[in-house]
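Biologist: Hi! Could you walk me through this model?
Modeller: Happy to, here it is.

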Amino acid sequence: MPSDPRPPLAGEPVDPDVDLRVPEQRAETSPSPAPVLAVIAVGGVIGSCARYGAGLLWPTAAGAFPWTTLGINVVGCSVIGVLMVVITEVVTPHRLVRPFFGTGVLGGFTTFSTYANDVRGLIDGGNPRTGLAYMALTLLAALAGVWLAATATRRLLVHHREAR
């Protein structure tokens, strides 16, 4: 039997998004995960329907540059930037807000599996440069979207606090 080439997980967090040493984050892990799973499912349906609607409004022809998927992922990442600033720096939301909106709605809305499939389709369809450009552009635009949205949100919040 071959040995597992992966390093042992000792000392690694089970969920890197939740630090169990922080009491507020530990509260997210209730004895019954049913409410959390339910809000993730509801949020996922909402996000997925929004993504499906975007695909109907702006369909991408076979072999064409997938602008709709790029836009969905950049918008979703930008909203994640706003959400993270608001829930970590402004308010202490109800324990179900983050799983509902972050994991559910935005997880259902963004589609990095479609992105990967689009890259494969472009490369397999004889457009390797376009596929690689799309791959790099999505990565850069998504990261820029998070950073810009988080930075703009912080600046707006500071401006709002100073105006009081």
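Modeller: One term before we start: buried means under 20% relative accessible area, exposed over 50%, and partly exposed in between, with a 1.4 Å probe and protein chains only. Thr-68 counts as buried because its relative accessibility is 14%.

Biologist: Good. What kind of model is this, and how are residues numbered?
Modeller: It is a predicted model, where local features need pLDDT of at least 70, side-chain atom pairs count only at pLDDT 80 or more, and totals for chains, interfaces and linings use all residues. Residues are numbered from 1 along each chain as its sequence is written, and side-chain values use heavy atoms, with hydrogens and water left out.

Biologist: Where does Thr-68 sit?
Modeller: Thr-68 is in helix α3. Helices here are DSSP runs of H or I with at least four residues, strands are runs of E with at least two, and both are numbered from the N terminus.

Biologist: And what does Thr-68 touch?
Modeller: Leaving out residues up to four places away in sequence, Thr-68 touches Ala-54, Gly-55, Trp-58 and Thr-60. A contact means heavy atoms within 4.5 Å.

Biologist: Zooming out, how many helices and strands are there?
Modeller: The protein has six helices and zero strands, in the order α-α-α-α-α-α along the sequence. Of its 164 residues, 27% are buried. For contacts between residues at least 6 apart in sequence, 73% join residues at least 24 apart.

Biologist: How do α3 and α6 cross?
Modeller: The axes of α3 (residues 67–90) and α6 come within 8 Å and cross at roughly 35°. Those axes are lines fitted to C-alpha atoms, for helices over the stretch in contact, and angles run from 0 to 180 degrees between N-to-C directions. The crossing is right-handed, that is, the near helix is turned clockwise from the far one by less than a right angle.

Biologist: Which residue types make up that contact?
Modeller: The contact of α3 with α6 has 15 nonpolar, seven polar and three charged residues. Here Ala, Val, Leu, Ile, Met, Phe, Trp, Tyr, Cys and Pro count as nonpolar, Asp, Glu, Lys and Arg as charged, and the others, Gly among them, as polar.

Biologist: New topic: which residues make up the largest nonpolar core?
Modeller: Seven residues: Phe-65, Leu-70, Tyr-115, Val-119, Leu-122, Tyr-134 and Ala-141.

Biologist: Why is Tyr-134 called buried?
Modeller: Tyr-134 counts as buried because its relative accessibility is 0%.

Biologist: What about Phe-112 and Tyr-115?
Modeller: Their ring centres are 5.9 Å apart with planes at 80°, so that pair is edge-to-face. Phe-112 is partly exposed at 37% relative accessibility, whereas Tyr-115 is buried at 14%.

How values were computed: A nonpolar core is a set of buried Ala, Val, Leu, Ile, Met, Phe, Trp, Tyr and Cys residues joined through side-chain atoms within 4.5 Å. Rings of Phe, Tyr and Trp (its six-membered ring) pair if their centres lie within 6.5 Å; planes under 30 degrees apart count as stacked, over 60 as edge-to-face and the rest as tilted.
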